Each structure stands twice: as structure tokens, then as C-alpha cells.
Amino acid sequence: ADDLALALTPLLKGTQDAIKEIRAQRLDRKVDNHVKAIMEMLTCVSWVYYKPPQSLPAAFVKECIGSSDFWSNKIRKEFKGKDEKQIEFCDCLKKIMVDLATYIEEHHKTGLTFNPKGVSIAEAQVVLSDDPITVAAATAAGKGKGGRRKSSVGNTVMGGNVLGLMSELSTRKNADGSSAATGLKHVTKDKQTWRKEFKDKQTWRKEFNKDAKSPVTKPKAVVKIAPKKLAKKKPTGLPILEYQERGMKWVVENQTKESAMKEGENGMLVIDITDVKQQVYIYNCDEVTIKIKGNKFKSLIIDKCTKVNAIFDTIISGCELVNSSKIAVQVDGVCPAFTIDKTIGVTLWMSEGTMKVTSIATSMSSEMNVSIPDGDDRKEMPIP
């Protein structure tokens with residue numbers, strides 16, 4: 001970590017000098033907030049020093065966003081409705097920092113990372129410089145003074161990027177005097193894909209097959225294998241159909257088509273309501289039909305069910321469908337409200353008496369329909 005900070009400090013010197021110059025300027029107090037916002041923004045460049053457990057670099061940049069926004073908000077408040085350019089200035093400052101935080105989270109989430117096969121920072125600085133010869137000489141001189149690792153950067157780029165590369169290859173010869181490229185395989189004409197013959201595959205095949213010693217085999221037809229259908233998950237747990245005195249609640253849980261055939265009448269589960277304060281809770285059931293007998297009861301909740309049909313007369317409060325799919329509800333009497341949340345595939349069979357009083361609220365659901373009486377027939381309409 002100390003070596004990294006030592007190597008990066010010269011690269012950040014330009015920014016640090018700029019901050020010092022801004023502070024030294026005696027600018028008009030009218031732009032005091034602007035200067036302070038810029039100063040807070042410039043501190044973002046220090047993210048390269050941050051890494052766990054000290055702090056994550058993206059978190060540091062986000063802190064700088066808040067600090068800069070403190071002064072930017074004063075500018076926005078002062079020039080709102082008066083000068084839109086001032087507002088744009090604040091927005092640009094913030095966008096720079098937000099984009100920087102996004103970049104860091106994507107590429108350097110746990111700190112500045114390097115290519116393990118890359119060159120040193122000094123060599124990269126020379127290659128990216130507009131005047132590589134001067135920079136290489138200065139870098140080599142600096143390394144010599146510190147008594148640290150000797151740099152070969154100057155020799156690498158003395159002739160420019162391409163010429164420097166060729167010069168470097170010529171100096172790196174094997175012990176027997178052979179070139180660094182010795183041992184590489186020669187690329188034959190038929191494998192040089194940049195040639196124009198490869199642009200037209202049919203022409204290339206004809207020319208290539210003329211000189212081929214062995215017949216060219218046709219590629220085998222690809223046999224597509226249909227993906228295996230995943231086995232349908234059945235509700236797990238003990239099937240329950242019971243009345244709980246505490247809470248005055250009927251509970252139906254983990255029922256399936258097979259368990260309903262054992263407990264119900266012709267595969268239909270029946271609940272007998274004896275008090276209007278009773279409520280029904282149906283949870284984690286699959287392919288069952290539940291008939292609720294009794295004139296009135298408090299409420300009905302169907303949660304995490306698939307292919308469940310519910311039939312009842314009148315509900316005082318309402319019916320709620322949550323986290324389910326392919327649910328059908330038949331109202332023979334009146335239901336004042338339906339609430340549908342995170343459910344796919346719902347059909348509500350409404351009686352003529354409940355059509356005028358029922359309200360339907362939906363959230364994050366789809367494929368919902370309501371069926372209403374239409375003379376001797378029924379009419380089905382989608383629920384928006």
C-alpha cells in the first residue's frame with residue numbers, strides 16, 4: 001500500500017497544485033460557493049488511495065458528492081428561476097462525480113486494481129505521454145537518484161512507440177543469438193483469414209479443395225435436444241383444514257388435489273361458517289376447490305396458491321389475493337372489495353347483486369378478468 005501511494009503521488013501532483021492555486025486566488029465573493037463546490041469535487045481524485053479496510057473508493061466519492069452538493073444547493077437556491085446556466089453548472093458537477101462512482105463500482109469496487117501482466121506505472125506514463133523520450137529520460141533520472149529498481153523504459157521507447165518496440169525486440173535475443181520471435185509457427189496462406197478469399201466462403205472452399213489431398217467432410221447436422229421440463233413443485237408440509245378458536249379463523253394449508261380427494265366431498269374442500277366474525281385463510285395450496293358455506297363471514301385471503309378455486313356467498317370485509325397464480329373466485333352474494341397483489345391469472349365470477357358495489361384494487365398483477373351476468377349468458381371483461 002505504501003509503494004502504491006508513493007507511485008501515485010507524482011501523478012496527482014497536478015491536481016493538488018491546481019487546488020492550491022484556486023485557494024490562493026482572491027476571487028469575487030459572488031463565486032465563493034462555486035469555488036467551494038469545485039474544491040469538494042476535486043477531492044474525488046483521491047479515491048485511488050482508498051481500499052478496504054480503510055474505506056471503499058466508491059463510498060468515498062459518494063461522500064464527496066454530498067459535500068459538493070452542500071455548496072451547489074446554495075447556488076441552486078440563489079439562482080433558481082433567474083439563471084439556468086448556474087443550475088446546469090451544479091448539475092454537471094454532480095454528474096461527473098456520479099459517473100465516477102459508477103465507473104469505480106464496476107471496475108475498481110474494492111480498490112484500484114492493475115493488470116498483473118501489465119507494465120509498471122512509470123512505463124505506462126511514458127507510453128501515454130506526448131513526448132515519450134523526454135519523459136523516459138526524466139523517469140530514468142528519478143529512479144537513479146532514489147537508488148531503487150533500474151528502469152529500462154528509456155531504451156524501450158527512444159524511437160517512438162512502434163520503432164521503440166522493434167528496437168526492444170532486437171535487444172532481447174536468446175543465448176544462442178536467435179531472435180525473440182524464433183520458434184513461432186509460420187502462418188500458411190490457407191489460414192490467413194484477412195485475405196480476400198475468406199470474404200467469399202464459397203469461392204474459398206472451391207480453391208482450397210483443389211489442392212486438398214483428402215476429401216473435405218461435410219459438417220454434421222446439429223441435433224437440437226429439447227430442454228427437460230422441470231418437475232412441478234408440490235406444496236410441502238402437512239395438509240391442514242381446521243378451525244382455530246383464537247382469531248376465529250379457518251386455516252387451509254398445503255392442500256393438493258390428492259389430499260383434497262381424501263378429505264373433501266368429490267375432491268372439494270368444504271368449510272361451514274357458523275359466525276359472521278369468522279375469517280378464512282388459504283395458504284400454499286395447489287389444484288383444489290374450496291366451497292365456503294354460510295350466509296356471511298368476515299374475510300377471505302388466498303396466499304401463495306396455484307390453480308385454486310374459491311366459492312362463497314357473502315363477505316363483509318373483502319377478498320384478498322396475494323402471491324398466487326391461476327385463481328378463480330365465485331361470488332354468489334356480495335363482496336364489497338377485491339385486492340389483487342402480485343398475482344398472475346385471476347378470474348372473478350361476479351353475481352348480479354355484487355356488480356354495483358364491488359371495488360377492485362390491483363398491484364403488480366396481470367391476466368385478470370371479471371365475468372358478469374349478461375342476460376341468460378355471461379360476459380367476460382379484462383381488469384385494467
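**Note on the predicted model: loops, cores and a helix pair**

1. Asn284 sits in the loop that links strand S4 (279-283) to strand S5 (286-293). Please keep in mind that this is a predicted model. Is Asn284 buried or exposed? With a relative accessible area of 15%, Asn284 falls under the 20% cut-off, so Asn284 counts as buried.

2. Which residues surround Asn284? Setting aside neighbours within four places in sequence, Asn284 is in contact with Pro235, Thr236, Asn254, Gln255, Asp303, Lys304 and Cys305. One of these partners, Asn254, is also reached through a polar contact. That contact runs from side chain to side chain, at 2.9 Å.

3. Asn254 is buried, at 9% relative accessibility. The backbone is worth a look here: Asn254 is not a glycine, yet its phi is positive, about 55°. Most residues other than glycine have a negative phi.

4. Glu367 also has a positive phi of about 55°, and Glu367 is not a glycine either. Its setting is a strand, S13 (residues 366-374). Glu367 has a relative accessible area of 58%. The cut-off for exposed is over 50%, and Glu367 is therefore exposed.

5. Gln278 belongs to the loop between strand S3 (268-272) and S4. How accessible is Gln278? Its relative accessible area is 3%, so Gln278 is buried. The side chain of Gln278 makes a polar contact with the side chain of Thr274, at 2.8 Å.

6. Gln278 also has partners elsewhere in the sequence. Not counting residues up to four places away, Gln278 touches Tyr243, Met248, Trp250, Asp272, Ile273, Phe297, Lys298 and Ser299. Glu245 is 33 residues from Gln278 along the chain, and their C-alpha atoms are 9.4 Å apart.

7. Now the nonpolar cores. In soluble globular proteins, nonpolar side chains tend to be buried together. The largest nonpolar core here has 35 residues. Which members touch the most others? They are Leu300 and Leu348. Beyond four places in sequence, Leu348 touches Leu321, Val329, Phe338, Ile340, Ile360, Asn369, Val370, Ser371 and Ile383. A second core of 21 residues is separate, and Leu42, Cys64, Met97 and Ile104 are among its members.

8. How do helices H2 and H4 pack? Helix H2 (residues 32-42) and helix H4 (residues 84-107) meet at an angle of about 10°, and their axes are 10 Å apart. Angles under 35 degrees count as roughly parallel, so H2 and H4 are roughly parallel to each other.

9. H2 supplies His34, Ala37, Ile38 and Met41 to that contact. H4 supplies Gln86, Phe89, Leu93, Ile96 and Met97. By class, the contact holds seven nonpolar and two polar residues, with no charged ones. Met97 of H4 is also a member of the second core.

10. Last, the whole chain. The protein chain has ten helices and 14 strands. Of its 384 residues, 29% count as buried.

Definitions and conventions: Residues numbered from 1 in each chain as written. Predicted model: local features only at pLDDT ≥ 70, side-chain atom pairs only at ≥ 80, totals over all residues. Heavy atoms only, no water. Axes fitted to C-alpha atoms, helices over the stretch in contact; angles between N-to-C directions. Helix = DSSP H or I, 4+ residues; strand = E, 2+ residues; numbered from the N terminus. Parallel < 35°, antiparallel > 145°, perpendicular 65-115°, else oblique. Contact = heavy atoms within 4.5 Å. Nonpolar A, V, L, I, M, F, W, Y, C, P; charged D, E, K, R; others polar. Buried < 20%, exposed > 50% of the residue type's maximum accessible area, 1.4 Å probe, protein only. Polar contact = N/O pair within 3.5 Å; in protein donor to acceptor, adjacent residues only side chain to side chain. Core = buried A, V, L, I, M, F, W, Y, C linked by side-chain atoms within 4.5 Å.
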